[in-house]
Amino acid sequence: MNTEMDNLHNADGEQQPQPVSTNDNITESYKTEDAVNQEKISDISFKDYETFSFDVLINEAKNLLSKHSVQEIREHFNQIRDVFKQKLEIDEAAKKEAFVNDGGDEVDFKYETSYRAKFNAVYNDFKNQLTAFHKENEKKESDNLNERLTIIDELKALYQEPGDTSSTMFKKFRELKTRWHNAGRIPSKNAENIFKNYFFHLDNFYTYLDMNKELQTLDYAHNLEVRHSIINRAEELIKETNVQKALNELQYLHRLWKEEAVPVQEDLREPTWQKFKELTNKIHDRKGELNEKIKQEQKDNLEKKNEIIKNIKEIAAKAANKSHGDWQKAIKDINTLREQFIGLGRVPKDKNAATWEAFKEVTREFNHIKNDFYKTLKTEQQGNLEKKLALLDIAKQHTESTDWNNSVQVIKKIQNDWKNIGHVPRKNSDKIWKEFKDTCNKFFDRYKKRHEQDNQKLEVNFENKQAFLEEFKTTEISENKDEALKQLEDLYTAWVNLGKVPADKLAINQEFTTLYNDKLSALNLSKTEISDYKLQSFVNKIKADGNDRLLDDEIRKTRKTIDELEKEINQLDNNVHFFSNANADSPLLKDVYRQIDEKRKKLTEAEIKLKALFNINFND
């Protein structure tokens with residue numbers, strides 16, 4: 001039996017024992033709580049977490065925590081945590097790089113993501129549950145220790161104080177072994193002594209069995225059934241598609257053999273052991289299958305990674321001298337390829353360093369070309385910013401303008417110029433655009449309401465003119481002619497300066513003119529004096545306003561008047577010839593001469609006015 005036990009021990013692999021899954025009632029009854037947990041672990045497969053997005057990683061963590069106990073998913077959570085942290089670092093580096101490329105200052109960059117808080121919430125929940133599990137496990141281990149000590153005491157009493165029949169003793173013995181098998185883990189500091197003590201009394205009981213043939217026969221028969229159930233399960237494991245799972249479960253079968261299938265009848269020991277050993281070797285032979293599969297996967301990963309490196313080179317070559325839009329697409333493509341590269345599994349160990357170095361080299365080369373482009377772009381964007389700031393200043397200058405026709409054309413033009421200017425640094429883009437838009441909108445809001453404002457102003461002017469007119473009615477005019485003319489001139493100027501009134505209230509101007517002419521007529525001036533006075537008043541008004549445009553308009557109108565009077569006089573002179581044989585007292589002839597005299601007087605007045613207009617000097 002010792003030889004078989006030694007061989008059995010040597011057959012154990014490095015993996016922890018895993019449970020046997022079988023319908024055999026005998027084997028099933030010997031599963032421990034640890035074995036059941038191990039069986040659950042074998043059903044939770046590890047996934048390619050590197051290929052998952054942030055959302056998928058968080059959902060995977062939530063799903064594991066909701067469906068499994070924390071001790072089952074501890075390693076899964078550690079892998080998810082490491083991958084999540086790595087992805088955060090990559091994402092932060094990429095966003096910082098994009099921020100700087102868009103014109104931002106690196107010291108102003110602040111990485112913000114909601115994913116970190118979401119994952120931390122799930123991970124903290126996991127840690128809290130794990131802490132609770134450890135506390136509970138400590139209590140379980142203490143209870144298990146007490147149970148195992150009780151079993152040892154009962155086992156010792158079984159052979160030292162025999163008083164039962166053979167069948168009753170055998171039943172108690174089997175129950176003690178089952179209890180021991182199911183007792184679970186104990187504190188590691190007590191394990192060595194407890195197990196030595198147990199096997200010491202177990203050996204003593206077997207010695208006692210050697211002296212009790214009936215008990216020995218019952219034990220041999222039971223252990224043989226256990227061996228057959230183990231062998232049957234080992235045969236099933238040869239067909240298991242998951243090689244790693246088969247290897248793990250094989251370790252549990254060896255443990256079960258060691259604890260529950262020893263001893264058996266001498267002539268059956270070696271045959272059953274050799275059968276189990278043969279099946280064990282066949283399952284271990286599948287390690288090669290697993291290794292080949294891993295090698296092929298690593299070879300495939302190497303090809304895929306080399307293809308990604310090639311694609312990055314091609315993108316870098318094509319992206320040079322392209323537009324900002326082309327570069328943004330290239331950056332997006334590179335980020336996708338980078339995630340694919342990182343998400344792929346391992347490559348052959350002898351190729352790993354070279355492959356990783358090649359990947360870093362092509363990404364560095366791409367970033368070098370990209371950085372050169374964005375340095376140039378940053379200079380251009382700074383120039384664009386200065387141009388847009390200049391347009392913003394122009395817009396501000398016209399915000400409060402009432403020169404509507406001119407200002408509206410200026411604002412429309414600079415809006416069009418703004419569109420034709422390229423991008424500005426990202427950190428300034430939103431702010432300057434908002435300020436420019438608000439400034440233009442402020443002007444156009446006023447522009448839309450200009451008539452409303454004008455009407456309000458006209459109404460105010462009307463009210464002021466009403467008050468002025470009432471006061472003018474009672475104004476005493478000086479008896480001194482020169483003073484009176486100066487007084488009337490000032491009043492007329494004040495009236496004009498009150499501005500225009502609404503179109504439906506123009507009658508007030510006529511009312512003022514009538515009153516003004518009445519006061520002027522009351523001075524008993526000659527027509528010449530009145531004409532001179534009005535001309536001088538007009539000249540004074542032009543000089544006071546400094547309005548050269550009004551002066552030019554008046555000169556143009558006066559010239560036109562002179563031209564028209566000269567044409568009319570010439571026409572009337574021609575008409576006189578038709579009356580060559582007529583009586584000098586003819587009413588028609590007299591009327592023609594009268595018209596000629598009147599028009600010549602007006603012509604003289606117009607010529608005098610034109611001369612006066614030409615003599616106006618704004619510097620006087």
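I call a residue buried under 20% relative accessible area, exposed over 50% and partly exposed in between, with a 1.4 Å probe and protein chains only. The model is predicted, so I take local features only at pLDDT of at least 70 and side-chain atom pairs only at pLDDT 80 or more, while totals for chains, interfaces and linings use all residues. I number residues from 1 along each chain as its sequence is written, and side-chain values use heavy atoms, with hydrogens and water left out.

**Entry: G345**

I looked up G345 and found it partly exposed, at a relative accessible area of 37%. G345 sits in the loop between helix 12 and helix 13; I take helices as DSSP runs of H or I of at least four residues, and strands as runs of E of at least two, numbered from the N terminus. Leaving aside neighbours within four places in sequence, G345 is in contact (heavy atoms within 4.5 Å) with N301 and K305. From G345 to L302 I read 9.0 Å, C-alpha to C-alpha, across 43 residues of sequence.

**Entry: charges over rings**

I count a charge as over a ring if NZ of Lys or CZ of Arg is within 6 Å of the ring centre and within 35 degrees of the ring normal. K305, a contact of G345, lies over the face of F341 at 4.7 Å from the ring centre. K505 lies over the face of F462, at 4.8 Å.

**Entry: aromatic pairs**

I pair rings of Phe, Tyr and Trp (its six-membered ring) if their centres lie within 6.5 Å; planes under 30 degrees apart are stacked, over 60 edge-to-face, the rest tilted. The count by this rule is 33 aromatic pairs. W327 and F366 have ring centres 5.5 Å apart and planes at 50°, so I list the pair as tilted. W327 belongs to helix 12 (residues 324-343) and F366 to helix 13 (residues 349-397), 39 residues apart. I find both W327 and F366 buried.

W418 and F436 are stacked, with 4.0 Å between centres and 10° between planes. W418 is in helix 14 (residues 404-420) and F436 in helix 15 (residues 426-448), so the pair ties together parts 18 residues apart in sequence. W418 and F436 are both buried.

I also noted one aromatic cluster, formed by F54, F77, F84, Y115, F119, Y123 and F126.

**Entry: helix 15**

Which residues of helix 15 are buried? I list I432, F436, T439, C440, F443, F444, R446 and Y447. Helix 15 has 23 residues and reaches 33 Å from first C-alpha to last, close to the expected 33 Å (1.5 Å times one less than the number of residues).
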